[in-house]
Amino acid sequence: MSALDLIRPDLRGFGGYLSARKQNSGGAIWLNANEAARPQAFDTQQLNRYPEPQPKALAETLAAYYGVELDQLLLGRGSDEAIDLIVRALCIPGSDRILIQSPTFGMYAVCARLHACTVIDSPLQETEAGFGWDIAGMIATARRDNCKVLFLCSPANPTGQSLPRADLERLLEALAGQCLVVVDEAYGEYSAQASALEILARYPHLAVLKTLSKAHALAGARIGAVIATPELIAVLKTCQAPYPIPKPSATLVLQAFSETALANTRSGIAQCLTERRLLHTALAALPMIERVFDSDANFLLVRCTNSESLSAYLLAEGIVVRAMRQYPALQDCVRISIGTPAENERLLAVLDTFHGATHA
Ligand SMILES: Cc1ncc(COP(=O)(O)O)c(C=O)c1O
C-alpha cells in the first residue's frame, strides 16, 4: 500500500499553484513576482521579497533535529495548518469521515466540519487509571465507518495520557490500507513515551505532527511540521498556500536550534516536569479537587466540585485556566497549564483562599 492510495482521487496529479519562487530561483535581478523593487527603510530582512515557500535552512535544521529526510517534512503555520492540509488532501468533501477520540483537541473536528466531512467519535474510556483508548473499538469503528483519517493525540490534549507504542502499532497494523493514522505529538517533548517517528519507516500510512509552539516556547512564531512519506508530503505541499512561512518567523525559529537555545529548551522541559509533579501533589490535597489526572504533557486536568465557580474565582484574581464545559465527559473539569514556579505558587495561594471563601 502507498500513502498515495489514500489521497482524494480528484487530486491525484494535481500540481497546486506554481508560485514565482517555485518556478524560478537564482538570478540577481528579480522581476518575476510583482514585488516592490525597494525595501522599506526599516526593513533589514528584504521583506519586499516573497519568502522561500519552504525555507531551506529551517527545513534542513528541523529534518536533522527530528532525524528524517528533507523530503519527509513539510513546514507549516503550526500543526493547525498540517491538520487542515491532511483533511483537505485526503477527504472527499461531503462523503469522507475522520475518526477522533473525544474528549480531544478541537481542531480535528473543526477542520473536518469546514471541509464538509463527518466526524466519527470513538470516545476515550475513563477508568481508575485515568483516560485511555479503546483500541479494539477504534479499529472496529474505523472499519465500519470507512474512516479516511484517524487523528490520535499523544500525549492527549486535554486528558494528558500517552498512547503506548504497542497500541499504536496495533492500530497501524489493523488499519493499513484503510486510513492515514496521524499522531499529533504537540506535547511529545514532555512525555516519557518515545516518538512515533521511530516507526515511521515501517508504516507508509503514518504521519506525525510536530510543533515549535510548546516545549520550544515559540507559539507566537506559528511554525509546525508534518512528517510522513515523501509521496504524501509532496501532495500536501500542493494543497498549501504559496508562501506559508513568513521570513521573520523562519529566521527567528532557526535560533531555537543553537546549542544554547536547545539547552534552554531542555531546562524548560525539566522545570515543567518538576513543577507538574509538585502541582499535582498540591492540587490533589485541596478539598475542592476531586481528581488530578496523571499527565504526560505541560498541563494538568483537574476534576473539582464546582469547576464554574472555581474558574470564575481564579479569573477574578487574574488567573486564567481552561474550563472544559464543551466536553460532556469533562463537565466538572478544568485544564491548568504548568506555569513558572512563581505562577504555580500564586495559583495555589489563590486556591487556598477559594477554599476559605467557600467554607467561611
Ligand atoms: C494537541 C494539539 N495539537 C496541535 C495544536 C496546535 O498547535 P500549533 O501551535 O502548532 O498550531 C495544539 C495547540 O494547543 C494542540 O493542543
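I count a residue as near a molecule if one of its heavy atoms lies within 4 Å of that molecule.

**Basis.** I am reading a predicted model, in which local features need pLDDT of at least 70, side-chain atom pairs count only at pLDDT 80 or more, and totals for chains, interfaces and linings use all residues. Residues are numbered from 1 along each chain as its sequence is written, and side-chain values use heavy atoms, with hydrogens and water left out.

**Ligand.** I looked up the surroundings of the ligand and found 13 residues, the closest being Ser79, Asp184, Thr211, Ser213 and Arg222. Helix 3 (residues 78-90) gives the largest share of this shell, three residues; helices are DSSP runs of H or I with at least four residues, strands runs of E with at least two, both numbered from the N terminus.

I then checked distances to oxygen atoms of the ligand: a polar side-chain atom of Thr211 lies at 2.5 Å, and one of Ser213 at 2.6 Å. The protein covers 91% of the 400 Å² of accessible area that the ligand has on its own (Shrake-Rupley method, 1.4 Å probe).

**Asn157.** I located Asn157 in the loop between strand 6 (149-153) and helix 6 (165-174). Is Asn157 buried or exposed? Asn157 is buried, at a relative accessible area of 5%; buried means under 20%, exposed over 50%, and partly exposed in between (1.4 Å probe, protein chains only). Its side chain makes a polar contact with the side chain of Arg335 at 2.8 Å (a pair of N or O atoms within 3.5 Å; within protein, one must be able to donate a hydrogen and the other to accept it, and residues adjacent in sequence count only if both atoms are side-chain atoms).
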